Amino acid sequence: MSKPLGHYTGYTPGDDTLLAKLQDKYGAAFEKISKREKLVILTVLASHLGCALEGDCRAEIFTVAKQITEEITLADQAGIMEAIIGQVRWGQNFVVTPGEPPMG
């Protein structure tokens with residue numbers, strides 16, 4: 001994260017919130033958190049958000065994820081993460097209707 005936390009969240013300097021405490025402890029751009037630690041946070045947040053959504057995950061998506069981890073470079077994996085985060089955050093969401101073939 002190269003921009004301060006407030007750029008990505010509802011944090012406003014001077015707030016007495018968890019976001020303020022995180023920024024105070026780990027830096028405005030989380031610069032005091034290692035890449036590995038950031039990925040752990042990302043994993044936990046992605047799981048939490050995914051569980052909060054309704055619906056099921058198509059079995060093929062687990063196969064796609066496995067293929068990505070096995071066949072695509074780490075740099076491109078990070079790029080895919082960035083693309084998906086943008087799509088999740090800004091509302092792009094493909095919905096599969098029951099009985100409809102996925103991604104025809």
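Between which two helices does the loop with Phe-30 lie? Phe-30 sits in the loop between helix 2 (18-26) and helix 3 (35-52).

## About the model

This is a predicted model, in which local features need pLDDT of at least 70, side-chain atom pairs count only at pLDDT 80 or more, and totals for chains, interfaces and linings use all residues. Residues are numbered from 1 along each chain as its sequence is written, and side-chain values use heavy atoms, with hydrogens and water left out.

## The overall fold

The protein chain has five helices and zero strands, so its elements read α-α-α-α-α from the N terminus on. Helices here are DSSP runs of H or I with at least four residues, strands are runs of E with at least two, and both are numbered from the N terminus.

Of the 104 residues in the protein chain, 9% are buried. Buried means under 20% relative accessible area, exposed means over 50%, and partly exposed is in between (1.4 Å probe, protein chains only). The accessible surface of the protein chain is about 8,800 Å², and 61% of this belongs to carbon and sulfur atoms. Such areas come from the Shrake-Rupley method with a 1.4 Å probe, and for residues only the protein chains shown count as cover. Among contacts in the protein chain with a separation of 6 or more, 41% are between residues 24 or more positions apart; a contact means heavy atoms within 4.5 Å.

Let's start with Gln-23, which belongs to helix 2. Gln-23 is buried, at 16% relative accessible area. Not counting residues up to four places away in sequence, Gln-23 touches Leu-5, Tyr-11 and Ala-28.

For background, most residues other than glycine have a negative phi. Phe-30 is also buried, with 17% relative accessible area.

Thr-69 is placed in helix 4 (residues 59-71) and is exposed, at 52% relative accessibility. Its side chain reaches the backbone oxygen of Lys-66 at 2.8 Å. This is a polar contact: a pair of N or O atoms within 3.5 Å, where within protein one must be able to donate a hydrogen and the other to accept it, and residues adjacent in sequence count only if both atoms are side-chain atoms.

Gln-77, in helix 5 (residues 74-89), is buried at 18% relative accessibility. A polar atom of the Gln-77 side chain lies 2.7 Å from the backbone oxygen of Ile-72. Leaving aside neighbours within four places in sequence, Gln-77 is in contact with Ile-68, Thr-69 and Ile-72.

## Cysteines and a surface patch

If you are wondering about disulfides, the structure holds zero; the cut-off is a pair of cysteine sulfur atoms within 2.5 Å. Cys-51 is exposed, at 70% relative accessibility, while Cys-57 is partly exposed, at 46%.

Leu-39, Met-81 and Ile-85 make a nonpolar patch on the surface, with about 240 Å² of accessible area together. Leu-39 is in helix 3 and is partly exposed, at 39% relative accessible area. Patches take residues with over 30% relative accessible area and no salt bridge, joining like charges within 9 Å and nonpolar side chains (Val, Leu, Ile, Met, Phe, Trp, Tyr) within 5 Å. A salt bridge is a side-chain nitrogen of Lys or Arg within 4 Å of a carboxyl oxygen of Asp or Glu.
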